[in-house]
Structures are given as structure tokens and as C-alpha cells.
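Biologist: Can you put the model up? I would like to talk about charged side chains.

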Amino acid sequence: MRPFQYCLLLFLLLAGACTNPRWMVKETQSVDPNDAELISSREFPAVSSQPSPEDPVLHLNIMSRQRYEYAEKVLMARYVQDYKVRPFFFSLGVLGAASAFYLANSGNISQIDGQLETVTLNIVGGLLTLGTAFNFKPVGEPRPTGEERHLRTTGTQVKVDTAQIAETNQDSAIVNIFYDNEPVASNQRYVINRGRIDVPLGSSLSDMEITASNPDTVKVDVGYNDSTYSYSYPLSSFLRPFARVETPVTELRNTPGESNDNILAELVEGSQLQIVEEVDQEWYKVLYGISENYLPKDDVSLVWRTSDFADQSQVVTVPVVPFGEIDVENNIPLLNERNSNGIGLVIGNENYQREFTPRKYTSRDLKLMETYLKDALGYPERQVFKLEDSKTRSPVDSVITVINRTATDSSDIFIYLSGYGIFQQKEGDYHPALMLNATDSTNRAINLLELFKKIANIPSRSTVIINNIDFRQSLDNTNRNNDIPLQSFRQPLRNRAITLTSQNERLAILFSSEFDQTTHLFFGNGQQDKKHHIFPYYFAKALQQRRTIISEIFRYLQRNVSYTSRKLHDEAEDPFMFGNQSIDLAR
């Protein structure tokens, strides 16, 4: 084949495109993952999940922080490049090479005689051919093949690697829990299980029974690997507020506000329901099962618990029983068909404000006394007065004035007083007084010594004053250090009662308990709820059994009131009286 034909064939072969692989510098400071040295390693706890109401536990994972020194090297990568001929230059190169080959190998050109000249022209033709073959321009971007290699080292680089580990250097951690900067749990050792520490904050804090409306922060210190790690969380972020019933019984209502139509159930003391929100100054919205209901704030205290506390049978209910369904409220005997000379006054306060909680069932006690005066003793309805939740002394003074005007020497006067009692200092003595439902200190109480004197001076055939008044709370507040003898509180009343009953032989004054004793409800210790205080219940029970003479009634009260109080509440409640015990309520 002639040289010209070789050049023509080369032109045809190279006239299209071609590809060429090559190595290129990708990075001058690349980290070689296969050339590393471990510098240091340290374990530490890290929070995996924070405590929440659904899971009041602080979960910590043991992590390992490792520092490595890596070599930095030049990183080379292999690419493939597409090329395309340059037609004009390629044509010139082929033409020159063909000419050189022709001159060197054609016998027709006589001017070239020597061997050296022939070789030189062939070399020139070859070089032109070779130059023409490489006279291509690149097309598109180089395509990586995925092949990389690190060459010479250019430096070093330190990197930190953090990961959770299951096998740890230590098998436990020391935990301290603080609330409001006070220790809750000190130096508690928690076992590390598969690289995990679980600190049950909910149970520890719930047992403290924290009652603050705006609780403080909980701090957790974890000692591990010769270091202490601290974590802080608001108590309200993982505990829930609960309403704990502090009164013997309170009503759970389906709407806020007091009404006989919205009572859903009655909860006993100690029952606890989760608070949904504070409705206003008087009511909490609470969860009872899955329904939202309402509790009076005066009957409950706020305490922080875990959200699952509601599932632990912390609610004890008693049935709602309408008046007339308790044994002393029905089957009322007719002791006196009609006593036109009977005058009755029942005074009581249940819904106290300020420092006194509501006095449960006082209103029902008043209705019980009112019913027996009318239905059993035959007192005319118009002559039975009831004052409930009085805020001032004015209504009481007005009724006493009316009774004083209408009473005669033939009148049978019956007075029933119920509520909380306080002691007022007057002339160096402690005077007992009946608390009113008042918000100011001026009209907050009725002085019993003055009231007894007014009543004793009213003309009558018989006058009976029944007192179911609870002085215990006031006595505890007044005599906190127990440095005042109880006799100092009893003596003014005793002196006045003795004086009045000695001057008025028609007068009898009964008290349900001593001043240092509580007037309890007839409920507790798994016994039936009688919906009344113990004293008025047994007073009505005595009348139901046709005991109408004061001496018989008093002995019946002495036997039953204190016994029942001790049985249900493990506390004494001892009635006492002054005056004429021969008075017959049914004559």
C-alpha cells in the first residue's frame, strides 16, 4: 500500500470522535480514612429523651467521644474525556504528511538521491501524521470513573467521632436530684444497662406532694467517669396538677356553680383528680374518667403528680342522696301535733371564705333541724326562722328582735347554731364566737356570750340552745405554742352559762364537743355516709326514738356521739351542757 493510501486510511479512521482516560488531581488536602491514629477517647452521658408527662423519666445514653489524627494527602481521580477532530488542521496535517511520504518514497522525484534524505522525509511524514492524530479538541466535561488513589502526604487533620456504645467502662452512675435547690435524692446509684441510664424523676417528685401553683425547676446531677453532668427541667414539664379533696366530702359538678341540679358525684377526703385548667377564683376544671367536670377550689388543694396517678384508684365517690332518703330524714314521728307557742331559729354557715374551708353538710343539718321542729314538734312554719350563710350580724339581730317581740311566758324557744367558731379577745378574756360568711373583720362573727344573754332574756316557758360549732381550727391557730391552758378558753363560756342558767331555770345550753375537738361528719372508715354531722344526726335520732326530755337526749348523745367519732375518725367528740335537763321538747 502506498504512503498516500496510508494517510487516506488514517484520515478516515481519525475523522470521527475518540475517548481518552487520564488521572487528574481532585484534592490537594484530602483526608485518608485508612491512615489514622487514635489520640484520645472519653465516655460521657447524653440525653436521649427528656422527661415528659407521658414518660417522666430522664433517659441518658453513654456516648464515646474519640479524637483521631488523619493524614492529609493529594487525592487523584481517574476521568474519561471525549475528543473530536479539528477538520481544517487535520486536513493540513494529513496533506503535509502525504507529501513528505510521497517525496521520500516516490521514484519520480530524482532530486532526492541520498538515503539520508529519504529517511528524513519519512520521519517528517511520520511526525506530521502523529501530530495530526493528536490534533483533537475535548468535548463535554470529563466523566469520573470512580477510581481514586491517595499519593504523597501534605499534612495532618484531627477529627472527633461521637457514637453510642453498649459496653462501658463503668457499670453505674451516681445521681443527685434537687428541687428548688433542696435535695430530693442524694447519691443514688443507677445501674447502666446496655449503655443506658434511666432516672425516674416522676416517682421521686410526685412523692414529695409539691403544692406550689408555680413550681420551681428540677436539677439532676449525674456523676460518671470522674465528671459531673447537670440537667435542668421545669417541674411542670413532666408532672401534672391534681386537685386533692381536703374536706370530708365535696361535690363534683358538671357545670361551675352551686346548684342541686349539677351535682354529678360526691368525693370523699383524699380523692384526687387531674386539673385541666383553673376556671376562675372559685373553680377548677378536672378530669373524671374522660369527662371534664368541676370542683370548688375551697374544698381542694393543688398537688403535682405523674399523669398516670389518676389510674391508681385515687377517687372515692359516695352516692348523691336527696334529702329525705337518710334514715333520720324519713319516718319522722309526730311528737306534738301542734305547738302554736313554738318558736325556732336555726343558724348555720357552710360556704366559708378566706381561711376557713366550706363546712360540708351544714346546710343539710339546718334543714334536718327545721324539719323536726315543724313536722315532729309541731312548730308553726311561720315561726321557724332559718338563716344560712349570713355575711353580717344584722339578719341575726333582726330575727332575735322579732322573737323577743312575739315571745311570751308560754313560748318554747329552740335555737340551733352551726358553723366554725373563733375566739375574740375582749377585756383580757377569750370570748367564743360563731363565724359568719364574711370577708371583713368587723362583722365576721357573733359573740356567743352576748347572744346567749339576749336569748336568755327573752320570755319563754322553755329555751333550748343547741351548739354544733367547731372551734378546733381557731384554737389551734390561737394557741399554736400550747402556752395557753384550755381552761382559759372554756372559763368565760362556763362562767356566762352558769350565770344565765342559774338566773333562768327555763334555759338549757348544749354543746356538741369540747373546744379542742372537731365536730365530725358521720362518714369514714368504710361506714355508711349519713350526710350529716354526727351530733345533729343523733339529736334527730333521739327524737325519732321519742326521746324528748333533755336529760334523755343528752345521755343518748353522750353514749353515741363520742363512740361514733372515735370509731370513724379515731378522735373524741364529747358533748357537754349547762342548765335545766328536765325540759320536755314535746309537751
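Modeller: A salt bridge here is a side-chain nitrogen of Lys or Arg within 4 Å of a carboxyl oxygen of Asp or Glu. This is a predicted model, where local features need pLDDT of at least 70 and side-chain atom pairs count only at pLDDT 80 or more, while totals for chains, interfaces and linings use all residues. Residues are numbered from 1 along each chain as its sequence is written, and side-chain values use heavy atoms, with hydrogens and water left out.

Biologist: How many salt bridges are in the whole structure?

Modeller: The search finds 26 salt bridges.

Biologist: Which residues are linked in a network?

Modeller: Salt bridges link Glu251, Arg253, Glu266, Lys360, Asp529 and Lys531 in a network.

Biologist: What does arginine 461 form a salt bridge with?

Modeller: Its partner is aspartate 412, with the closest N and O atoms 2.6 Å apart. The pair links distant parts of the chain, 49 residues apart: arginine 461 is in the loop between α7 (448-456) and β22 (462-470), and aspartate 412 is in strand β19 (residues 412-426). Helices (H or I, at least four residues) and strands (E, at least two) are DSSP runs, numbered from the N terminus.

Biologist: Is aspartate 412 buried or exposed?

Modeller: Aspartate 412 is buried, because its relative accessible area is 3% and buried means under 20%, with exposed over 50% and partly exposed in between (1.4 Å probe, protein chains only). Arginine 461 counts as partly exposed, at 31%.
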